[in-house]
Amino acid sequence: MRVELDNLSKSWDGVVGADRITLDIADGDLVAFLGPSGCGKTTTLLMVAGIYKPTGGTISFDGRVVNEVAPKDRGIGMVFQSYALYPHMTVFGNISYPLRIQKVNKGEIRERVQRVADMMGIGDLLDRNIAQLSGGQQQRVSLGRALVKEPQLLLFDEPLSNLDARLRLSMRGEIKRLQDGLGITSIYVTHDQVEAMTMADKIAVMSKGVLQAYDVPEDLYDRPKTLFVAGFVGNPPMNFFDVEIMRTDGDFRAKSGAIDLVLPADRAEKAAAAKGKVIMGIRPEDVDLVDDSAPAGEGLTLTGEITVVEPLGREDLLGVGINGVDMHVLVDKARGVRVGDSVDFVFNTSRVQFFDPETELSFLWA
Ligand SMILES: Nc1ncnc2c1ncn2[C@@H]1O[C@H](COP(=O)(O)OP(=O)(O)O)[C@@H](O)[C@H]1O
Ligand SMILES: [Mg+2]
């Protein structure tokens, strides 16, 4: 089912939940709503579900406006963070509940519940009480209860937040496989960018009720349209510097009190047209230590002082001060550098970003 939100808004006397959200979800896609707590993800989801009534705009399913359609008639299945299971019922009782409400006949209920439970890997737990299940099993029951209605649209609201890290990882793969296999259009609310990046076909990034970007994951990461998206997507976050772009002897250079770097023309040209300061962004993994094995070209290195060395296992995260400006650098191996060392860093300037400090829009992609 195709889902379209057109200027969808919700507010409660003065409090804005969602502000003119406009986006299109293709049939069979999984779209993530991503953003910090309070940015309007749940509000928007609940409007799609029909639980919140919009104060403006429309929701359409396959081209038909559904604003006035009751939640139970929208063909949706919902999965929440709190499993919202009936604790006094068995697994069978919980999964079959929506079908019993619809007065589906007993034989068909048996069959559909068994099929969904088998698909979720809980087919042999149907007679168990909810209290006897692990968190992961409970979340499977709650997913089974959403699926048994054979919905046209699945709505997830932070479904994995209560699970431990390891289980989250496996459940996220499981949900994605299931959703892909069944081809059910889905909206997946999360504040966890890794979840969004790994599961979603497209990601809607929200901040303060406003849609900031709606893009495929790799574009959000490599071609962020706004300063907010650049800073929110990626961990550790992108480094930002206030610079002026100068053109000397045909070279573009980013200059400030702290830095002086030569830039490739295709990245710098548009930002150079701006008068005054611009914001330059570079990701921690696009800066590296200079050593004999990796000599750097002239104008691509800066010297900084190590302020923090954090071993992350596979990589090391360095805190670096460059003439008073802080920066994070992610390196494969810290190669014995210590706090207080003065070290040369090479910048992969083919990946720098530039933003307008006034509008916070990208000079490259907005
Ligand atoms: N029922 C409500 N009444 C009043 N304000 C609400 C209600 N639901 C949400 N809000 C407000 O709307 C904003 C967005 O909330 P929400 O959609 O729950 O954010 P998220 O799910 O992204 O964490 C918040 O400021 C929140 O306080
Ligand atoms: Mg929420």
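How many bridges join E12 to strand E13, and in which sense do they run? Four, and the two strands run antiparallel. Keep in mind that this is a predicted model.

**Around E12**

Strand E12 covers residues 251-255. Its covered face carries Phe252 and Ala254, while Asp251, Arg253 and Lys255 sit on the uncovered one. E12 also pairs with strand E11 (residues 239-248), again antiparallel, this time over five bridges.

Arginine 253 is a handy landmark here: methionine 246 stands opposite it, and in E13 its bridge partner is valine 262.

Here are the strand pairs with their bridges:

| Strand pair | Sense | Bridges |
|---|---|---|
| E11 and E12 | antiparallel | five bridges |
| E1 and E2 | antiparallel | seven bridges |

**The sheet with E1 and E2**

Four strands make an open antiparallel sheet, in the order E2-E1-E4-E5. Strand E2 (15-25) and strand E5 (64-65) each have a single partner strand, so one side of each is left without a neighbour in the sheet. Within this sheet, E1 (residues 3-12) and E2 are joined by seven bridges, and leucine 5 has leucine 23 in E2 as its bridge partner. Helix H1 (residues 41-49) packs on the sheet, where it touches E1, E2 and strand E4 (56-61). The direction of H1 makes about 115° with that of E1.

Note on methods: Residues are numbered from 1 along each chain as its sequence is written. Chains are lettered from A and ligands numbered from 1 in the order in which they are written. This is a predicted model: local features need pLDDT of at least 70, side-chain atom pairs count only at pLDDT 80 or more; totals for chains, interfaces and linings use all residues. A residue is buried if 20 or more other C-beta atoms lie within 10 Å of its own, exposed if 12 or fewer, and partly exposed in between; C-beta atoms are placed from the backbone. Two strands pair if DSSP finds at least two bridges between them. Two residues are in contact if their C-beta atoms, placed from the backbone, lie within 7 Å. Axes are lines fitted to C-alpha atoms, for helices over the stretch in contact, and angles run from 0 to 180 degrees between N-to-C directions.
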